[in-house]
Amino acid sequence: MPVAPGQTPSSGKSARRVGVFGGTFDPPHVGHLVTAINVHHALDLDVVVMMVANVPWQKDGTRDITLAEDRLAMVAAAVEFVPGLIPGRQELDLGGNSYTADTLAVLADEYPDADLFTIVGDDAAAKLHSWERSDEVVSRSGLVVVDRPGEPVVLDPAVDWIRVEVPHLDVSSTDLRARFADGRPLDYLLTDATLDVIERRGLYLYDGDSARDSQVTP
Ligand code: ATP
Ligand code: MG
């Protein structure tokens, strides 16, 4: 598509080093943000795409997963003012189960000639062998792994992992959902902008009631 004088080609598509940090992001939290920001810095990436899984097939059926468009809205709010981080809706547009191998093919088209980096926490990295066409993920991108608090994991020694040190934050979406359910504090665990989306869209209301509402003080 022709680009008018003075305009840049659509949003950063000229980026040369592109990270893709995929997740369910149900909801996105500080662990995700701190990881993305630090990998962006450590590897001198032009952009990190926070790629929202459409159907996180490995979690499907294990619990109710928030609608993909709602998860995307939460991620978009979280990164709106964070330089170098952008929300990714490519897996929603692809539809169906989300496979990183397919996502990387889409990104390779969108960012011609860019080096792609797939960013994962070590719990996800340890399951690489179970990913659909993991060989394509390895051939199409550098595999970046960050440690996450918890049991040490074993990584496939055949993969040339790029290790990035990030602050270890023992935060998970599972814990945040439990906090929404029982009314424990969420402060500093996710951004105010994300909380705003959650409130406006009525997400994480359990038992048809808001644990938040019952906390309102006089
Ligand atoms: P859930 O508890 O629902 O599985 P989660 O917190 O693990 O949620 P995901 O959306 O499953 O978040 O994870 C997306 C990616 O972010 C994965 O690669 C995961 O390893 C990584 N990740 C999640 N939380 C952290 C954290 N606190 N520190 C570093 N990486 C994290
Ligand atoms: Mg997880």
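I count a residue as buried if 20 or more other C-beta atoms, placed from the backbone, lie within 10 Å of its own, as exposed if 12 or fewer do, and as partly exposed in between. The model is predicted: local features need pLDDT of at least 70, side-chain atom pairs count only at pLDDT 80 or more, and totals for chains, interfaces and linings use all residues. Residues are numbered from 1 along each chain as its sequence is written, and chains are lettered from A and ligands numbered from 1 in the order in which they are written.

Entry on strand β1. Six of its seven residues are buried, so β1 is largely enclosed by the rest of the structure.

Entry on pairing. I call two strands paired if DSSP finds at least two bridges between them. β1 runs parallel to β2 (residues 47-52), with six bridges; there Val18 has Val47 as its bridge partner.

Entry on the core. I define a nonpolar core as buried Ala, Val, Leu, Ile, Met, Phe, Trp, Tyr and Cys residues joined through C-beta atoms within 7 Å. The largest has 42 residues, of which Val18, Val48 and Met50 touch the most other members. Helix α2 (residues 68-79) gives the largest share of this core, eight residues.

Entry on ligand 1. I count a residue as near the ligand if its C-beta atom, placed from the backbone, lies within 6 Å. Of the 18 residues around ligand 1, Gly23, Gly31, Gly121, Ser173 and Thr174 come nearest. The largest share of the shell, three residues, is from α1.

How values were computed
Helices (H or I, at least four residues) and strands (E, at least two) are DSSP runs, numbered from the N terminus.
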